[in-house]
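Me: Please take a close look at one part of this model, the open sheet and the pockets beside it, and describe it in a connected account.

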Amino acid sequence: AFNTLEYEEMSRMQKDEAKTLVKEFVKTMVRGRRLAIVNESSGEIEQCLVSLGKKVDRLKISVGEEKRIREIALLEIFEVGSTPTLEGSEDWSLTFMIGSQETIT
């Protein structure tokens with residue numbers, strides 16, 4: 001969780017570095033990023049495009065070649081969990097808990 005007190009105690013250089021990291025992440029995510037997902041019903045791995053809306057207020061998910069885009073308001077996401085996919089791997093699995101008690105992994 002974000003701790004304002006810790007942020008205030010950071011050096012100017014640390015704050016600038018954090019700001020740069022967030023800026024680059026947002027730019028990348030507004031453009032969109034291709035990720036592999038596991039289809040819940042078939043168990044097969046599919047490609048999806050995940051992006052942030054230009055106002056950085058919505059998460060957009062498009063699976064496969066479908067033109068249909070699912071949009072989720074960031075305010076609806078109340079928890080994000082992460083776990084490594086394999087021990088020693090740099091890949092991580094993310095799970096979003098959405099206000100309606102729905103999860104997206």
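Reply: Two strands are said to pair if DSSP finds at least two bridges between them. Helices (H or I, at least four residues) and strands (E, at least two) are DSSP runs, numbered from the N terminus. The model is predicted, so that local features need pLDDT of at least 70 and side-chain atom pairs count only at pLDDT 80 or more, while totals for chains, interfaces and linings use all residues. Residues are numbered from 1 along each chain as its sequence is written, and side-chain values use heavy atoms, with hydrogens and water left out.

The open sheet has four strands in the order β1-β2-β3-β4, with antiparallel pairing. β1 and β4 are its edge strands, each pairing on one side only. From one strand to the next the twist averages 30°; axes here are lines fitted to C-alpha atoms, for helices over the stretch in contact, and angles run from 0 to 180 degrees between N-to-C directions.

Taking the pairs in order, β1 and β2 are joined in the antiparallel sense over six bridges, and Arg33 has Val50 in β2 as its bridge partner. Helix α2 packs on the sheet and touches β1 and β2, its direction making about 120° with that of β2; contact means heavy atoms within 4.5 Å.

Strand β2 (residues 45-52) pairs with strand β3 (residues 58-63) in the antiparallel sense over five bridges, and Cys48 stands opposite Val63 in β3. These two strands form a hairpin with five residues between them, and Val56 in the turn has a positive phi of about 55°. Strand β3 is in turn joined to β4 (residues 70-73) by four bridges, again antiparallel. Arg70 in β4 is the bridge partner of Ile61. The hairpin of β3 and β4 has six residues between the strands, and in its turn Gly64 has a positive phi of about 60°.

Within strand β3 lies Lys60. Lys60 counts as partly exposed because its relative accessibility is 27%; buried means under 20% relative accessible area, exposed over 50%, and partly exposed in between (1.4 Å probe, protein chains only). Leaving aside residues up to four places away in sequence, Lys60 touches Leu49, Val50, Ser51, Gly53, Ile69, Arg70 and Glu71.

On a 1 Å grid over the protein atoms alone, a pocket is an open set of points where a 1.4 Å probe fits, with protein on both sides within 12 Å along at least five of seven lines, and lining residues have an atom within 4 Å of a point. The space in the second largest pocket is about 190 Å³; grid points are joined across faces, edges and corners, and a volume is the space filled by probe spheres set on the points. Its lining has three nonpolar, three polar and six charged residues, where Ala, Val, Leu, Ile, Met, Phe, Trp, Tyr, Cys and Pro count as nonpolar, Asp, Glu, Lys and Arg as charged, and the others, Gly among them, as polar.

The largest pocket holds about 1400 Å³ of space. Among its 37 lining residues, Ala36, Ile37, Cys48, Ile104 and Thr105 are the closest to its centre. Elements that each supply at least two residues of this lining include β1, β2 and β3. By class, the lining of the largest pocket has 21 nonpolar, seven polar and nine charged residues.
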